[in-house]
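Hi,

Here is the structure I said I would pass on.

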Amino acid sequence: MSRISTLFGKLRQNRRKALIPFITAGDPEPGMMVPLMHELVQAGADIIELGVPFSDPMADGPTIQRSSERALKHRVSLQDVLTMVGEFRESDSSTPIVLMGYANPVEAMGYDAFTARAQACGVDGVLIVDYPPEESVEWVKCLKRQNIAPIFLLSPTTPQQRVERVASLAEGYVYYVSLKGVTGSLHLDLRDVAEKLDGLRSHISIPIGVGFGIRDGTTARAVAELADAVVVGSRIIEEIERSPKAEVLTNVHRLVKSLRIAIDAPSPEPSATVKLTHL
Amino acid sequence: MKVYDLPDSHGHFGPYGGIFVAETLISALEDLRVQYERYRSDADFQGEFAHELKHYVGRPTPIYHAKRWSAHLGGAQILLKREDLNHTGAHKINNAMGQALLARRMGKSRVIAETGAGQHGVATATVAARYGMECVIYMGSVDVERQAANVYRMKLLGAEVIPVESGSRTLKDALNEAMRDWVTNVADTFYIIGTVAGPHPYPMMVRDFQAIIGREAIIQMQEDYGRQPDALIACVGGGSNAIGLFYPYLDSSTRMIGVEAAGHGVETDQHAATLTKGRPGVLHGNRTYLIQDENGQIIETHSISAGLDYPGVGPEHAWLKDSGRAEYSGITDEQALEAFHALCHYEGIIPALESSHALAYAARLAPALTSDKLLLVNLSGRGDKDMSTVARASHITF
């Protein structure tokens with residue numbers, strides 16, 4: 001069984017929800033990535049989404065754009081990202097690693113070369129933001145041949161027919177983008193998320209993660225009530241950005257831990273479950 | 001005879017084109033595709049478009065025989081399709097007008113656009129003013145500085161110009177930022193892309209709106225010369241003016257030559273000759289040739305002409321290159337400047353630096369041909385916007 005499904009199986013048994021932090025490989029600097037990944041796990045991360053830096057991150061807001069630019073100043077390549085995962089795997093054989101990025105670095109390396117190397121380095125899933133299912137037939141075949149989960153995005157505007165199409169291709173989990181816009185946006189309508197997830201569940205049998213717009217423990221907790229996994233990206237990148245290098249590990253640990261505690265807190269009384277109005 | 005019928009229903013030109021965007025944009029593109037399919041064959045819509053092109057843009061643009069320059073070069077006759085005579089001074093308005101009319105039919109009150117040199121931004125701001133629509137133009141902060149006069153023109157026309165500070169702060173980053181705006185404000189916003197790139201249906205739609213150039217040329221050539229030209233020559237950045245001229249000729253045997261910006265030379269790393277030096281990849285929603293490094297990161301390009309300074313190229317050009325239907329070649333900054341001055345000198349026409357690349361190619365081809373041959377060059381824009389660049393290149397300060 002794959003690391004991702006083993007993890008979600010365990011979480012289900014313990015009635016817990018997954019916390020998935022996103023960081024960009026190479027930010028703040030390449031040498032810090034493997035320690036940072038271990039730190040995330042110690043602070044309570046269940047899966048790590050590792051961003052592959054790209055020169056033109058069209059779907060990202062300013063925070064992750066800057067993060068990508070910092071990583072590219074160190075000339076971090078897709079090859080380097082895979083090497084980081086391989087190093088991480090030497091001392092962590094259970095935490096799933098999902099790469100998230102844009103198509104062109106993968107196109108440049110070639111599907112077969114990339115998937116073979118990703119498998120060898122211990123990558124568990126890959127989400128290419130600008131590969132929608134229609135353009136992914138060959139891509140998904142290559143991933144599955146190497147037992148790597150193809151992860152897809154779903155959005156508030158995805159019609160049912162496409163949800164079914166994604167359901168037939170996706171493995172691991174699907175990533176529901178909780179709002180319109182780019183990463184790092186501020187407003188999250190929980191009532192809307194709750195409704196949409198209800199609709200998705202009738203088509204999607206694998207876990208559903210929710211991301212975009214989750215910035216604090218309260219929101220993370222509320223989203224965990226609804227979804228199987230909570231993805232937090234821009235907020236963590238902000239912490240990396242504003243911390244002096246020597247304090248990055250400590251500060252990120254503190255932040256992720258606080259999200260973990262919030263997500264794991266015992267279920268409040270039903271009447272207070274989600275205070276939709278003030279969120 | 002096989003009739004050219006690309007793209008396919010998913011926007012593919014052979015292996016190129018397609019829809020490579022995040023899920024959050026898919027439904028907006030699908031809506032646009034459906035609406036465009038509907039109005040593409042709607043007589044009212046096409047009638048209004050034709051009316052606006054005639055009465056507001058000033059079409060048809062003439063074909064002018066550059067006799068003195070042709071005689072000086074000695075060889076083939078050079079004919080110019082005068083897109084520089086359009087309102088706002090370039091072919092860009094054809095497409096901006098078409099998309100603005102579509103935006104109105106779709107009930108969108110706000111239009112956005114990316115711009116490099118500012119020509120597409122000016123065209124978009126112009127049609128937005130014409131129809132009373134809110135208009136936001138994204139422009140790399142480097143270009144905002146280089147093209148101050150065009151920024152002021154856009155502001156005069158009521159547009160808000162937002163300098164983009166991310167990435168290389170040029171056209172490609174402006175396109176990224178416009179996409180981000182669109183995905184956030186899709187309910188009331190129409191994104192007017194300026195070239196034949198981006199995700200389907202943009203490359204097809206922009207081509208269709210620009211194809212008026214080639215359709216007019218076919219009629220005018222028959223009327224004035226009794227035959228079609230021996231070759232079509234147009235500059236290629238994203239490639240909208242070239243596709244506009246080429247497309248109606250695709251099923252004929254007329255030779256087609258796209259001219260890219262070779263900057264300081266294709267042997268240097270300072271050029272924008274995507275089809276000559278690039279490799280296929282995915283950027284800005286489509287698969288096409290790209291200027292990229294060995295890791296798939298997009299590299300900054302260089303051209304003296306801001307409108308050609310783009311690391312990608314329309315997917316249809318990628319296909320026309322691979323299939324051999326069109327040829328692509330490069331012209332350096334220096335060669336383009338030489339042609340710029342020649343046209344000023346021999347014909348009293350100040351061409352845009354973009355168009356000067358096509359002129360420079362024609363100047364090289366013409367002497368090798370006999371004087372009964374006809375070369376039709378798309379003079380895609382006028383050069384008023386390039387005064388300071390040309391002066392700087394000649395070491396002149398105002």
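Starting with how chain B holds together: residues 24 or more positions apart account for 73% of its contacts with a separation of 6 or more. Before you go further, keep in mind that this is a predicted model. It scores ipTM 0.94 and pTM 0.95.

Chain B overall

Chain B has 16 helices and 14 strands. Its C-alpha trace spans about 55 × 50 × 45 Å along the principal axes. A compact globule of 398 residues would have a radius of gyration near 21 Å, and the 19 Å of chain B agrees with that. Buried residues make up 61% of the chain.

On confidence, the mean pLDDT of chain B is 96, with 99% of its residues at 70 or more. Within chain B, confidence is lowest in helix α6 (residues 141-146), where the mean is 88, and highest in strand β9 (residues 231-235), at 99.

Helix α2 of chain B covers residues 43-57, and its 15 residues should span 21 Å at 1.5 Å a residue; the end C-alpha atoms are 20 Å apart, which agrees. Which residues of α2(B) are buried? They are Phe49(B), Glu52(B), Leu53(B) and Val57(B). These cover an arc of only 100 degrees around the axis, so they sit on the same side of α2(B). Note that a glutamate, Glu52(B), is in that buried set. The face turned away from the buried side carries exposed residues, namely Ala43(B), Asp44(B), Gly47(B), Ala50(B), His51(B), Lys54(B) and His55(B). As for what the buried residues of α2(B) pack against, that is α4 (92-105) and α10 (212-225) of chain B. Just after the helix comes Gly58(B), with a positive phi of about 100 degrees.

Helix α5 of chain B (residues 119-131) has 13 residues and reaches 19 Å from its first C-alpha to its last, close to the 18 Å expected at 1.5 Å a residue. This helix is mostly covered, with 10 of its 13 residues buried. The buried residues are Gln119(B), His120(B), Gly121(B), Val122(B), Ala123(B), Thr124(B), Ala125(B), Thr126(B), Val127(B) and Ala128(B). Their cover includes α4, β5 (110-115), β6 (134-140) and α7 (148-156) of chain B. After α5(B) comes Gly132(B), whose phi is positive, near 65 degrees.

Tyr138(B) is 17 residues from Gly121(B) along the chain, and their C-alpha atoms are separated by 8.1 Å.

Chain A

The secondary structure of chain A comes to 12 helices and 9 strands. Its radius of gyration is 17 Å, close to the 19 Å that the globule rule gives for 279 residues, so chain A is as compact as a globular protein of that length. The C-alpha trace of chain A spans about 50 × 45 × 35 Å along its principal axes. Buried residues make up 51% of chain A, and residues 24 or more positions apart account for 76% of its contacts with a separation of 6 or more.

Chain A averages a pLDDT of 92, and 92% of the residues score at least 70. Over residues 270-279 of chain A the pLDDT is below 50, and this stretch has 11 contacts in the model beyond near neighbours in sequence. Where pLDDT is low, the predicted coordinates should not be read in detail.

Where the chains meet

Cheers

Terms used: Residues numbered from 1 in each chain as written. Chains lettered and ligands numbered in written order. Predicted model: local features only at pLDDT ≥ 70, side-chain atom pairs only at ≥ 80, totals over all residues. Helix = DSSP H or I, 4+ residues; strand = E, 2+ residues; numbered from the N terminus. Rg over C-alpha atoms; globule rule 2.2 N^0.38 Å. Buried ≥ 20, exposed ≤ 12 C-beta atoms within 10 Å, placed from the backbone. Contact = placed C-beta atoms within 7 Å. Expected span 1.5 Å × (residues − 1). Arc of directions from axis to C-beta. pLDDT = per-residue confidence, 0-100.
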